[in-house]
Amino acid sequence: MKALVITEKDKPLEWKEVADLQAGPGEAIVRVHAAALNHRDVWIQRGQYAGLRYPIVVGSDGAGVVVAVGGGSSASGAWIGKAVIIDPALYWGGHAAYQDPLGFRILGLPDDGTMAEYVRVPIANLVEKPEHLSFEEAAALPLAGVTAYRALFTRAQVRTGERVLITGIGGGVALFALQYAVAAGAKVYVSSGSNEKLDRAKAIGAVGGTNYKNPDWVAALRKLAGGFDVVLDGAGGDGFSDLLDLSVPGGRVVLYGATRGNPSNIILRRIFWKQLNVLGSTMGSPEDFAAMVGFVSKHGIRPVVDSIFTPEDGEAAFRLMEEEGQFGKIVISFQQSAIFSW
Ligand SMILES: NC(=O)c1ccc[n+]([C@@H]2O[C@H](COP(=O)([O-])OP(=O)(O)OC[C@H]3O[C@@H](n4cnc5c(N)ncnc54)[C@H](OP(=O)(O)O)[C@@H]3O)[C@@H](O)[C@H]2O)c1
């Protein structure tokens, strides 16, 4: 089979022949129709991720068709031929509140991931592809989709009519959070470093937004919305302090990433005096994943796909992600590959 391989730190991806996969007990082999990028994949290529190993086939997001299962029970055999999306949270463990500190892994490191013609995953991580989605749309959903779902619903418990601020709307998680929060009847505001992305967010249902590159963006947001019951942030950095300012007393601030690093300016008094709830969130449990797929199906939500690349152009897809030029998910379609045959 062929795969997009990172052979060494900082080396361009290579679309090359690798060893075929065999399914062990409890595992499935999925013929990947489409895979999608997350920032994690680029950081792995840049050598900026814990537990690195090379060569590695990255990719946490994928959709395709099950072609083989290990173990041979009739229940697992029923998966063969089914169109699926893959839950990339492997071995979450028995606690809904947090992932197993020892067993938990994200598909795509240390295990080889979805940027290949075939991927091997636990059968427990297969979920039937929502019928209203193409393979490219379905591949865009898993990691960012479940992270947004857990952050918004399981952690922040967002309710109809609440004011929600979602930062960095060009991000994959942020955009799903916008779609979900709008579907849930929240009043959603966004921030972005791009005015064009703000306009696109409004077209999806955001009430308003401001550009975080403008010095007065915090005051402008306060003028627009007053304050926020719920804030969702994946950027962190010194801007996180502004988010505590923008929260109403008793508000919930969910942090799922730190693209801008650790803050140096947090005023702790703001957290305790305003009785804020600062909540960490990472990916989602199997229950979150199933609920997310159900929510997406019920509301007919279609992931926003920025662009679709061939595997031969995989390196260009990674550079687009690094430049933050996208609005929505960057997808690699293996259906367009010359050697794809059904
Ligand atoms: N905990 C988890 O389970 C989990 C899951 C997925 C991702 N993450 C983390 O969450 C972060 C976002 O990941 P992603 O894949 O959703 O995003 P992404 O697609 O990589 O996009 C990153 C976005 O960050 C935004 N950004 C940059 N500087 C910002 C700032 N100063 N303030 C606000 N936003 C800013 C930009 O938005 P604009 O283009 O609109 O300016 C950019 O598009 C990453 O750190 C990632 O590692 C965590």
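Reader: Which residues of helix 11 are buried?
Author: Happy to start there: this is a predicted model, in which local features need pLDDT of at least 70, side-chain atom pairs count only at pLDDT 80 or more, and totals for chains, interfaces and linings use all residues. Residues are numbered from 1 along each chain as its sequence is written. Helices (H or I, at least four residues) and strands (E, at least two) are DSSP runs numbered from the N terminus, and a residue is buried with 20 or more other C-beta atoms within 10 Å of its own, exposed with 12 or fewer, and partly exposed in between, C-beta atoms being placed from the backbone. In helix 11, residues 314-323, the buried ones are G314, A317, F318 and M321.

Reader: Within what arc do the buried residues of helix 11 fall?
Author: The arc is taken over directions from the helix axis to the C-beta atoms. The buried residues line one face of helix 11, because seen down its axis they fall within an arc of 100°.

Reader: What do the buried residues of helix 11 pack against?
Author: Contact means C-beta atoms, placed from the backbone, within 7 Å. The partners are strand 1 (2-5), strand 2 (14-17), helix 1, strand 16 (305-309) and strand 17 (329-333).

Reader: Which residue takes a positive phi just after helix 11?
Author: Look just past the end of the helix. A positive phi of about 55° belongs to E324.

Methods: Two residues are in contact if their C-beta atoms, placed from the backbone, lie within 7 Å.
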